[in-house]
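This briefing goes through the chain contacts of one model and one of its pockets. Please have the sequence and the coordinates at hand while reading.

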Amino acid sequence: MSANRQDGPLLRVAGLGRDYGRIVGCREVSFELWPGEVLGIVGESGSGKTTLLKCASAQLEPTAGTVKFDMRARGLTDIWGLSEAERRMLMRTDWGIVHQNPRDGLRLGVSAGANVGERLMAVGARHYGEIRREASHWLGRVEIDTGRMDDLPETFSGGMLQRLQIARNLVTRPRLVFMDEPTSGLDVSVQARLLDLLRGLVADLGVACIVVTHDLGVVRLLAHRLMVMHRGRVVEHGLTDQVLDDPQHAYTQLLVSSILPV
Amino acid sequence: MTTADDGRLAGYNFAYLDEQTKRMIRRAVLKAVAIPGHQVPFGSREMPLPYGWGTGGIQVTASILGPRDVLKVIDQGADDTTNAVSIRRFFALTAGVATTEKTTEATIVQTRHRVPETRLTERQILVYQVPIPEPLRWLEPSEVETRKMHALAEYGVMHVRLYEDIAQHGRIAQTYDYPVEVAGRYLMRPSPVPKFDNPKLDNCPALQLFGAGREKRIYAVPPYTRVKSLDFDDHPFSVEGWDRACGLCGSTESYLDEMIVDDEGRRLFVCSDTDYCGQRQAAGHRGPANAPKEAAE
Amino acid sequence: MYVAVKGGERAIDNAHRLLAEERRGDPAVPELTLEQIDQQLAHAVDRVMTEGSLYDRRLAALAVKQARGDLVEAIFLLRAYRTTLPRFGAALPIDTARMAPRRRISATFKDLPGGQILGPTFDYTHRLLDFDLAEGREPAPAAEVAAEPRPLPRVVDLLDREGLIEPEVAASDEPAGDLTRRPLTLPETRDVRLQGLARGDEGFLLALGYSTQRGYGRNHPFAGEIRLGEVAVEFMPEELGFAIEIAEITVTECQMVNQFKGSAEAPPQFTRGYGLAFGHCERKAMAMALVDRALRAKELGEEATTPAQDEEFVLYHADNVEAQGFVQHLKLPHYVDFQSELVMVRGLRKAFAAANNAGDTPAEAAE
């Protein structure tokens with residue numbers, strides 16, 4: 001491992017922008033993310049937060065700006081300067097992507113165990129017993145009964161599917177996980193349990209996260225820092241508690257005041 | 001249909017295809033040999049036999065066939081099955097080449113679903129008929145996506161399928177068309193040969209060519225190439241076995257066909273490779289159902 | 001004592017002979033001539049030429065006769081024959097605007113220059129079996145033609161002049177692709193997609209076209225024009241430097257006028273779907289036009305989520321020669337692979353029985 005790895009940010013986004021013809025997805029977004037840090041991105045729908053997440057996580061190519069990630073062997077690297085093979089490998093190992101709809105992030109036709117073990121097999125794991133042990137361990141970490149390991153995801157509840165998706169991502173111990181509305185679509189008690197789990201995992205594993213959500217309660221619980229987006233731009237940026245308790249920008253004030261207290 | 005003096009059909013080029021088409025196919029074959037296991041697209045032609053019935057193998061054979069070649073055609077290991085007969089006849093009619101049932105005499109062997117038991121030599125070419133060339137097809141129906149997976153060597157998903165077999169059945173359940181890794185790089189389907197035959201592809205002295213006419217792909221394994229069947233370290237690849245010998249020739253090492261011989265359901269197991277079995281019998285070997293004094297031949 | 005099965009060659013020979021006998025049927029019944037098939041079963045010949053990708057009425061009639069009326073089999077015969085034909089080059093594109101249509105209708109205008117010419121159509125017949133036809137009576141003489149057919153402007157060209165419909169422009173200067181020379185590669189360009197559809201099975205395209213009308217990718221089609229008539233095929237040999245007419249063929253053309261679309265840069269225009277077939281094949285040409293338009297979904301900025309809009313699904317499964325080959329190949333012996341499966345299943349059952357008798361859950365079994 002190179003010596004400078006601990007010195008700098010894990011992710012550096014500079015001047016990031018994405019247009020769709022004349023429609024602005026997001027504009028001039030710049031920020032840094034440090035190891036183990038959780039960054040929340042909030043805004044109403046249409047604010048550009050999902051576009052920003054997709055661009056930062058290489059799911060969408062930006063039309064302006066750069067995204068640099070601190071790669072294990074070579075330090076801060078422009079991810080769009082990588083070959084497609086390298087980028088896809090990155091997305092399967094050192095990164096995690098948790099989709100809003102867990103069905104988009106899982107293989108529904110294979111068992112839970114196979115879903116969790118896939119990333120290991122993709123990077124060359126060839127011992128069935130060990131793969132199974134690892135998969136079992138991670139199912140336990142996300143509080144899924146390991147007896148369900150050989151069941152197909154179609155038999156799982158929404159909350160279980162989301163936790164399965166998380167396990168599938170964590171098995172390669174990524175240093176950065178992108179989450180898009182991780183709790184939407186789940187009922188309130190299930191949400192609370194999931195958030196608790198996420199908070200614990202993130203702290204234990206020291207993994208950095210970028211969480212996009214419209215739900216201020218989620219960021220209050222999970223995020224160290226917060227970015228507020230409105231019409232494609234970042235209008236406020238700071239420590240979560242500070243931004244939520246003392247919003248400076250008019251839009252943030254509106255957002256905060258219209259939400260029932262958690 | 002009128003025939004010329006050498007028995008060939010009048011009005012058709014040698015081996016049916018025009019020379020330009022043969023050149024196009026040979027170019028594809030050369031590319032395939034240069035990149036072992038990689039599927040090369042080619043402009044497959046409509047042939048007088050239906051797609052799905054061996055047109056890929058036929059086009060490859062037609063493109064490499066010369067007047068001095070000796071051709072053997074087998075299906076399910078036998079020379080006498082209807083489709084093997086039909087294809088052999090096609091080449092007799094359109095090329096006038098010598099044909100044989102003896103593996104040792106053939107220079108080109110075209111096969112469906114089996115590899116000959118008799119070890120092939122450097123002077124031979126084995127042409128396989130392939131229905132579905134793409135090993136990732138069952139997991140990923142999109143051609144665009146599978147091409148990308150091959151280009152980026154993203155094969156983890158194939159092991160997911162094998163993992164799933166073990167989780168559900170306690171063992172890898174793939175019994176034929178068993179996926180292999182060629183020369184340490186490309187994932188390939190060996191065509192629906194039983195996994196029993198997979199070891200024969202590894203380090204084979206003969207050139208192995210694979211033709212898929214309907215799917216329009218050609219691929220190849222050059223002589224003496226490493227062909228490794230996929231498995232797990234703790235669930236290594238293994239082949240099927242029978243706890244009995246061939247009823248006719250007594251071989252305990254060949255792939256056996258199971259035949260139901262009477263209304264009570266009595267079974268007889270016989271070598272699938274008819275030439276191999278016949279050679280052994282000619283050399284004096286006898287199986288339990290073929291004791292000398294009962295020989296009806 | 002078991003004797004190995006032999007005689008596959010003899011079985012095949014006998015099967016061929018039996019087939020020939022059954023094809024002929026009762027020798028007391030007059031044999032069909034190719035002229036009868038060409039004239040009196042003309043639509044069969046038209047379909048075989050279209051999907052066989054070869055314009056030759058006599059050969060298509062022969063194929064129909066040899067296939068005993070099985071049109072998919074006849075198409076196969078014609079395609080296989082086509083493989084052996086030498087290629088001189090490509091003809092110039094046919095110009096359907098120069099056609100003097102024998103039938104020409106449009107659903108988009110009540111009347112138009114040249115009028116609505118019904119021509120020979122089943123459209124307004126009552127589908128009642130005609131037992132007079134069974135007796136073979138002489139047909140009544142056709143009504144006198146008001147005037148000789150003459151070239152008529154195309155409806156879509158009229159819309160085009162007003163800028164109401166998207167212009168039909170070639171995507172590039174490249175010569176048109178040819179699926180019979182090289183394999184499909186996705187994504188495909190429109191010229192090759194249209195070729196795939198023209199060669200494609202009418203039933204399959206009909207179902208897909210129908211599905212778009214029922215909501216699986218609706219694109220609001222109107223039949224802008226359907227025309228039937230003869231066009232000249234011209235070829236320009238290099239040595240001459242000018243085009244010569246080498247044939248006259250009958251074609252059916254369908255131009256659909258579809259859902260309009262505009263953008264920030266351009267005002268709204270109608271979009272197009274196109275279908276073309278040899279001979280008189282309206283249903284095919286119309287279905288083809290519906291599917292053509294559906295396959296343009298992505299290009300026109302529409303969400304492509306239905307089967308008819310899925311280029312890979314449509315083009316890979318439209319060819320009935322490929323489809324029938326693979327479906328019917330299941331008749332070939334598969335006993336070696338089946339034997340492998342038998343061995344596996346027997347092994348698994350043994351393991352299951354052993355585990356259940358022992359009272360354990362099935363462990364990972366050795367081979």
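The model is predicted. Chain C and chain B bury about 5,200 Å² between them, and chain B and chain A bury about 1,800 Å². The second largest pocket holds about 2,000 Å³ of space.

**Interface of chain C and chain B**

- On the chain C side 52 residues take part, in contact with 71 residues of chain B.
- Carbon and sulfur atoms account for 56% of the area that chain C and chain B bury.
- The rule finds 6 salt bridges across the interface of chain C and chain B.
- B:Arg89 and C:Glu9 form a salt bridge, with 3.2 Å between the closest N and O atoms.
- Polar contact joins 26 residue pairs across the interface of chain C and chain B, both residues being at pLDDT 80 or more.
- At least two residues each of the side of chain C that touches chain B come from α1 (8–24), α5 (71–83), α11 (311–317), α12 (320–328) and α13 (335–358) of chain C.
- With 13 residues, α13(C) gives the largest share of that side.
- The side of chain C that touches chain B consists of 23 nonpolar, 13 polar and 16 charged residues.

**Second largest pocket**

- The lining of the second largest pocket has 40 residues.
- Which residues lie nearest the centre of the second largest pocket? They are B:Pro48, C:His16, C:Gln66, C:Glu73 and C:Leu77.
- By class, the lining of the second largest pocket has 25 nonpolar, 9 polar and 6 charged residues.

**Interface of chain B and chain A**

- Here 19 residues of chain B are in contact with 21 residues of chain A.
- Of the area buried between chain B and chain A, 58% is on carbon and sulfur atoms.
- There are 4 salt bridges between chain B and chain A.
- B:Glu145 forms a salt bridge with A:Arg88, and their closest N and O atoms are 3.2 Å apart.
- Between chain B and chain A, 13 residue pairs are in polar contact, both residues at pLDDT 80 or more.
- On the side of chain B that touches chain A, α4 (143–151) and α5 (156–169) of chain B each supply at least two residues.
- The largest share of that side, 9 residues, belongs to α5(B).
- The side of chain B that touches chain A divides into 8 nonpolar, 4 polar and 7 charged residues.

How values were computed:
Residues numbered from 1 in each chain as written. Chains lettered and ligands numbered in written order. Predicted model: local features only at pLDDT ≥ 70, side-chain atom pairs only at ≥ 80, totals over all residues. Heavy atoms only, no water. Contact = heavy atoms within 4.5 Å. Buried area = accessible area lost by both parts, 1.4 Å probe. Salt bridge = Lys/Arg side-chain N within 4 Å of Asp/Glu carboxyl O. Polar contact = N/O pair within 3.5 Å; in protein donor to acceptor, adjacent residues only side chain to side chain. Helix = DSSP H or I, 4+ residues; strand = E, 2+ residues; numbered from the N terminus. Nonpolar A, V, L, I, M, F, W, Y, C, P; charged D, E, K, R; others polar. 1 Å grid on protein atoms, 1.4 Å probe; cavity = no way out; pocket = protein on both sides within 12 Å on 5 of 7 lines; lining within 4 Å. Points joined across faces, edges and corners; volume = space filled by probe spheres on them.
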